[in-house]
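Have the viewer open as you read along.

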Amino acid sequence: MKHIVLTGGGTAGHVTPNIALIPRLQQLGYQISYIGSYNGIEKKLIEELDIPYYGIASGKLRRYFDLKNFSDPFRVLKGFGQARKILRNLKPDVVFSKGGFVSVPVVIAAKRLRIPAVIHESDMTPGLANRLCLSSATKVCCNFPETVQSLPKEKAVLTGTPIRQQLLSGDSETGRAFCGLSDDKPVLMVIGGSLGAASVNENIRRILPELLKEFQVIHLCGKGKMDTSLNGTPGYVQYEYIQDELPDLFALADVVVSRAGANAICELNALHKPNLLIPLSANASRGDQILNARSFERQGFSMVLEEEEITETTLLNAIRQLYSNRQVYIDAMTGSGQIDSITRITDILEDCTASQI
């Protein structure tokens, strides 16, 4: 039987594209294993799918001073040794990495063992983990055409990002019943990401009294980011994280406010949901979300409001404008021509597997 090892973790964005590939990989007859960190979000998400999971040590390579910068390189080395041992025992035909620092030792170990490794880059500019993996990768799957132009021609392939197919089959009335919302006002969905976005959460809550005059609000605020004082507020529901009911909540939402992580915006595009993107500030990141958001803005898929531009007035006005012009964004996304990312990526994996047989 063909065998693939998936890897990636740290945030849901480094796991959900792997999850999106699993049904197709199973149809193609692959035995699937997963390598992730000991206790990252990927462990829970993958084990729920009954996929064999192997945890390894994981270190983070930071761009700022932190005492952990002295100990984490040793964790990476330990993770490399563990990954090499696991891969040697599993003998997979191919490795697929969605990124995050836990994937680095896995991809490097795969090259040492002469196992082809395919990596996926969702953002317009590759993150540090994928840059470290680049020389060890057989192919690099890219989400943006701009990314393909900046990578080695023999490795880079435009594939888009695989979307969980169950997201496309949500039912709005099931979502309405789950949330306990009425049908007399449009629904605004706010997504802070799997780890939450404090700035987005705070700004939405600041304008909540005004928002609720015109909208009902579903707020996915991230683990530990709920404000219990707002529980019971008519027309407002909040959750740390939603998994099984997410397709129904997306189906219910008329418009969405979101961070601009590549996986999140690709899901919004596939679902044709008018969206206001609030990218993570360049002061708090390498600026990849700003580049992602501006690309989608240029294509007519999204409105963009940067954190430095946010006031109660600008945020409220942007949401109102998004709702008023929602059909313009729906039409742009509908006419964009979606790449069948799952087929394109699994075709690459099949080619790599065939080269091993």
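The second largest pocket is lined by 34 residues, and Thr161, Ile163, Gln338, Ile339 and Ser341 lie nearest its centre. A pocket here is an open set of points on a 1 Å grid over the protein atoms alone where a 1.4 Å probe fits, with protein on both sides within 12 Å along at least five of seven lines; lining residues have an atom within 4 Å of a point. The elements giving two or more residues to this lining are H1, helix H6 (145-149), H11, H12 and helix H15 (341-356). H1 gives the most, with 6 residues.

This is a predicted model, where local features need pLDDT of at least 70 and side-chain atom pairs count only at pLDDT 80 or more, while totals for chains, interfaces and linings use all residues. Residues are numbered from 1 along each chain as its sequence is written, and side-chain values use heavy atoms, leaving out hydrogens and water.

| Class in the pocket lining | Count |
|---|---|
| nonpolar | 17 residues |
| polar | 13 residues |

Now to H11 (residues 262-271): 9 of its 10 residues are buried, so the helix is largely enclosed by the rest of the structure. Buried means under 20% relative accessible area with a 1.4 Å probe, protein chains only. Helices are DSSP runs (H or I) of at least four residues, and strands are E runs of at least two. Just after H11, His272 takes a positive phi of about 60°.

Finally, 6 strands form an open, parallel sheet in the order S10-S9-S8-S11-S12-S13.

Note on methods
Buried means under 20% relative accessible area, exposed over 50%, partly exposed in between (1.4 Å probe, protein chains only). Ala, Val, Leu, Ile, Met, Phe, Trp, Tyr, Cys and Pro count as nonpolar, Asp, Glu, Lys and Arg as charged, and the others, Gly among them, as polar. Two strands pair if DSSP finds at least two bridges between them.
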